[in-house]
Amino acid sequence: MDEIKKRIEQLNEKIEQLSTSERTRPIRIGLRVVWNLTLLFLFIIVTGFAFVSAVGAGYFASLVKDEHLQSKDEMLAQIYSYEETSEVYFANNIYIGKLRTDLERRETSLDQVSPLVVNAVLATEDEFFKEHGGIVPKAVLRGLLQDFLNTSTQTGGSTLTQQLIKNQILTNEVSYERKAREILLALRLEKFMSKDEILEAYLNIIPYGRSSSGRNIAGVETAARGIFGKSASELNLPQAAYIAGIPQAPFAYTPFTQYGQIKDINGLQPGIERMKVVLSRMLEVGYITDTEYKQAISYDITQDFREPEKLATDNYPWLTYELESRAKRIIAGILAEKDGIDPNRLDEEDNLLEKYMILADRDIRSSGYRIYSTIDKEMYDAMQEAAENFNYYGHTFTRTETDPESGEEYEVQIPVQVGGMLIENRTGRILSFVGGRDFDLSELNYATQAYRSNGSTMKPLLAYGPAMDYGIIGAGSPVVDVKFTLPGYEPSNYLVNEERGIMTVREALAHSQNLTALRLYDSIRDKRPVTYLEKLGFSKLVPVDYESLAISIGAMTVGTTVEENTNAFAAFANSGQFVDAYMIDKIVDIDGNIIFEHKSEAVDVYSAETAYMMTDALRDVLDYGTGARAKSLLKFSSDFAAKTGTSQNYRDVWLVGYNPNISLGLWMGYDDKKEPRSLYQFNNTYYQPSTRVNMLWANLMNAIYDVNPDLIGTSEQFTPPPGVVNASFCSISGLAPSDACTQAGLVNSDLFNRNFLPTKLDDSLIQSSTVMIDGKAYVALDSTPKEFVTENGIGLNPDFVEKMLGRLGGEPSKLLPNGSSLTEKVVSTAKLQPDSGKPSTVTVTLKGNSITWSKSNANDVIGYRVYDITNGDRKLVATIKDGQERQFTITLNSSYIVVAVDITGLESANSNTITTESTDDPTPPINPNPDLPGEEDGPSPDSGNGNGNGNGSGNGNGNSNGSGNGNGSGNDNNGNGNQNEDNIIEDIIDPN
């Protein structure tokens with residue numbers, strides 16, 4: 001001891017010498033500086049940490065300051081909200097069943113779950129679950145740092161408790177506010193529930209991809225049965241590890257496709273690799289031994305997957321999905337209102353709507369609601385049966401596609417789809433609908449969710465209806481069917497070359513003319529008639545629709561649904577008032593409290609006068625127009641009005657019809673986003689598309705009539721309101737009859753709104769002198785030869801012509817086309833720009849005792865003169881006007897020439913000369929070829945066959961100067977018979 005004590009004293013002396021030595025002074029100073037800097041650095045770190053902690057705490061507090069401090073009962077009620085499923089009902093409290101969902105769940109208890117599954121979940125999802133109080137601070141900070149640095153690797157920091165909160169109380173919204181609320185609620189939940197209770201709840205709610213039926217599944221028991229066909233208590237180690245790994249990426253790791261098929265080896269590999277990761281984590285944590293790990297890692301898990309399983313048939317797939325969707329939207333508004341949020345904001349803010357739709361989805365699956373619909377079961381069943389038994393939809397195409405998950409090819413059928421909607425006019429109740437052809441092929445509800453062009457059914461809603469409301473037209477007013485051209489837009493009628501000129505509103509609607517609707521809409525477009533569609537409930541209008549001209553014939557940017565379109569027509573049946581259609585009558589909670597009950601509200605859209613006049617005009621569609629086939633197939637009589645429609649290239653066909661009680665709308669078309677398809681195919685097998693929609697509409701109407709003849713076949717008639725009167729007007733202008741109009745026999749009468757009777761005197765007619773050129777009437781010039789002029793005819797006032805054609809313009813002569821009933825009484829006043837120079841010469845041909853001649857190639861020829869030049873002088877013997885036959889019977893021993901005459905009075909050069917000579921030999925000429933008929937055996941001049949020179953029409957070959965009995969139409973020079981247009985286009989029901 002003494003020796004040790006002595007050595008310590010020597011060491012102290014040495015240290016003292018060094019501490020006072022000048023040589024060690026710099027070292028001592030450096031050490032003091034380092035020490036002081038270290039103290040300063042530690043001070044800064046502590047202070048900074050305290051500051052950051054304070055800021056973080058303050059920020060956290062600001063994020064959760066509005067969070068309602070839920071009670072234990074409130075939190076537990078939401079955590080265990082997976083127990084009750086809502087039920088749906090037909091009208092009259094007829095039970096349909098529980099709501100169909102795309103998520104299957106079977107509840108279980110923790111003691112019915114294999115410990116292997118529990119250990120696999122804990123090792124993978126929450127290693128410190130049994131120790132933490134709801135959160136793992138280190139994991140939270142790590143997640144925040146990764147998010148702040150935007151690193152590619154995101155390890156996550158949610159405990160099982162936090163995941164339970166996120167799935168059952170909050171949403172999947174990605175925000176710091178949601179994360180802060182999640183942390184706060186997780187800490188609170190740990191105080192109310194034991195670890196076993198939290199774990200059990202978690203295992204019942206977490207998603208596990210798809211089952212062998214292809215349905216989405218949640219809950220460990222559902223996963224065990226849906227993937228392996230056994231209970232969760234019976235799973236072995238590899239199976240437990242496989243299931244525990246799925247929740248990280250459910251649809252990537254699930255072994256089944258959305259069609260219930262087992263994925264190929266490439267599709268299965270991600271799930272197998274994930275299983276191996278879970279097993280590795282279980283080994284690291286100590287839940288399994290190395291031997292168990294090696295055995296499990298080499299296990300062929302694919303041998304345990306269930307074979308694909310078919311679901312039991314659901315009789316009402318479209319109905320249950322539709323009721324569920326509408327109920328969720330209603331409940332979303334109720335939940336928002338409970339939170340102090342105006343429900344109308346959900347229509348304007350997508351994020352807010354998404355949030356409350358998620359909450360409503362959870363609520364409707366857990367609260368045991370009773371949802372009562374307006375759907376009449378017998379009518380619904382009858383419409384489904386009629387639609388299913390219809391054999392004339394059209395051709396079903398097929399295409400091969402590739403599964404995006406497995407890469408496997410499969411065949412897709414592309415049938416003609418259908419959507420139908422039946423609405424009670426006065427209440428807006430949806431009584432029935434047809435959602436589609438085959439729910440297994442397409443789950444889209446084509447009656448309520450498919451947005452399509454509504455074609456010509458738009459015309460009454462947007463062109464004629466508003467124009468009547470504005471007082472522009474009455475039910476029989478004249479409208480203009482003449483082509484026009486705008487930059488990039490050259491519309492036409494269904495028959496491309498058809499221009500009917502001035503025609504009535506009734507005719508235009510009955511035959512569904514495009515040009516009349518476009519021109520009428522253009523005349524009122526400055527009044528923004530698209531606002532009518534707003535009031536009629538069209539939900540997908542965009543700014544460009546308000547400026548578009550083509551929208552008047554159905555060319556909307558997005559389109560409309562069968563429900564919206566049918567609902568709009570019901571306004572005509574309902575005296576101009578729009579009553580929004582609805583399908584859910586009321587929703588009752590599990591305690592019997594009514595939490596929602598629909599209340600109908602009527603919105604004024606059209607005047608009652610307009611509604612009746614439009615209805616009266618649309619009656620004609622069924623009487624003699626494009627809907628006549630449908631009316632002819634009805635087994636009963638009722639006061640129906642209707643409108644047909646097609647979209648461009650026959651991609652859609654429509655028929656919407658109504659009587660005083662109900663409105664039935666029907667649409668047909670292909671639903672192929674990759675390749676737009678026309679219905680105008682295989683018409684010999686399936687009829688014309690417009691015929692098909694007429695037939696099916698009648699079939700559906702007959703089917704529901706059998707169910708409720710009093711409602712569907714009502715004897716009630718549409719009656720005119722006091723403001724509708726019958727008034728006389730000049731049919732060519734729509735104005736009050738003038739003396740000239742009366743003398744011309746052009747006065748007509750039809751329905752008008754009393755407030756908009758025609759009072760201005762007609763000024764459309766003037767006295768005119770005209771000539772005909774190529775079948776068209778033009779104003780004669782001062783120099784036009786009088787023998788070709790029609791004097792003192794009734795013509796159109798040029799100012800009136802300009803007004804009728806409007807800013808869109810068009811060919812004035814088309815206002816009174818050939819064949820129009822008006823051309824018998826009124827001639828055109830169009831002006832022609834004459835050609836320069838004389839008309840071209842014609843060629844004369846002798847046949848028997850007649851001469852015929854070719855048509856002059858000039859564009860301004862008004863007729864021809866025949867001269868006898870036998871004595872060397874030109875003696876006028878005939879004047880042939882345009883439109884008369886180009887032939888003249890001549891005398892023997894004479895010579896003749898023919899000249900063309902133009903509108904300025906100029907004659908062409910003389911034609912070739914034709915000279916005839918007499919003969920005294922009564923013997924008929926000998927036929928030099930006995931195999932050919934003589935002249936008397938050939939076709940007579942009056943029975944030409946239309947394949948030669950002349951004006952005849954027929955089917956055969958030969959020269960023709962007359963009119964044959966066939967269908968060909970010979971031209972003037974080379975008559976090759978053209979088939980009559982009426983025989984080419986057969987069975988056309990709806991031209992637009």
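1. A salt bridge here is a side-chain nitrogen of Lys or Arg within 4 Å of a carboxyl oxygen of Asp or Glu. By that rule, the structure holds 42 salt bridges. Please keep in mind that the model is predicted.

2. Confidence comes next. The average pLDDT of the protein is 85. A score of at least 70 is reached by 82% of the residues. Residues 920-992 are another matter: the pLDDT there is below 50. That stretch still has 133 contacts in the model beyond near neighbours in sequence.

3. Now the overall picture. The chain has 992 residues, and 50% of them are buried. There are 29 helices and 31 strands. Take the contacts between residues at least 6 apart in sequence: 69% of these join residues at least 24 apart. The protein exposes about 48200 Å². Carbon and sulfur atoms supply 49% of that area.

4. Helix α10 deserves a look. It spans residues 237-245 and is mostly covered, with nine of its nine residues buried. Among them are L237, P238, Y242 and I243. What do the buried residues of α10 pack against? The partners are α4 (115-125), β4 (207-210), α9 (220-228), α11 (250-253), α12 (265-285) and α13 (290-297). The N-terminal end of α10 is capped by N236. A side-chain oxygen of N236 lies 2.9 Å from the backbone nitrogen of Q239.

5. K328 pairs with E324, and the closest N and O atoms are 3.9 Å apart. Both residues belong to helix α14 (residues 317-338). They are four residues apart, so about one helical turn separates them. An α-helix has 3.6 residues a turn, so residues three or four places apart point the same way. Are the two partners buried or exposed? K328 is buried, because its relative accessible area of 16% falls under the 20% cut-off. E324 is buried as well, at 5% relative accessibility.

6. Compare the pair D623 and K631. Their salt bridge has its closest N and O atoms 2.5 Å apart. D623 is partly exposed, at 45% relative accessibility. K631 is also partly exposed, at 40%.

7. A further salt bridge links two loops. R874 pairs with E907, with 3.1 Å between the closest N and O atoms. R874 lies in the loop between β27 (861-868) and β28 (875-881), while E907 lies in the loop between β30 (895-902) and β31 (914-915). The pair therefore ties together parts that are 33 residues apart in sequence.

8. The side chains of E424 and T427 are joined by a polar contact of 2.5 Å. Which residues does E424 touch beyond its neighbours within four places in sequence? They are R429, L431, N661, I662 and L711.

9. A550 is a loop residue. Its place is between α20 (530-535) and α21 (562-573). A550 counts as buried because its relative accessibility is 17%, under the 20% cut-off. Leaving aside neighbours within four places in sequence, A550 is in contact with Y489, L518 and A555. N514 is 36 residues from A550 along the chain. The C-alpha atoms of A550 and N514 are separated by 9.6 Å.

10. Last, a surface feature. L37, L40 and I44 make a nonpolar patch of about 300 Å². L37 is found in helix α2, which runs over residues 25-63. Why does L37 count as exposed? Its relative accessibility is 51%, and the cut-off for exposed is over 50%.

Notes: Residues numbered from 1 in each chain as written. Predicted model: local features only at pLDDT ≥ 70, side-chain atom pairs only at ≥ 80, totals over all residues. Heavy atoms only, no water. pLDDT = per-residue confidence, 0-100. Contact = heavy atoms within 4.5 Å. Polar contact = N/O pair within 3.5 Å; in protein donor to acceptor, adjacent residues only side chain to side chain. Patch = residues over 30% accessible without salt bridge, like charges linked within 9 Å, V, L, I, M, F, W, Y side chains within 5 Å. Areas by Shrake-Rupley, 256 points an atom, 1.4 Å probe, with all protein chains shown as cover. Buried < 20%, exposed > 50% of the residue type's maximum accessible area, 1.4 Å probe, protein only.
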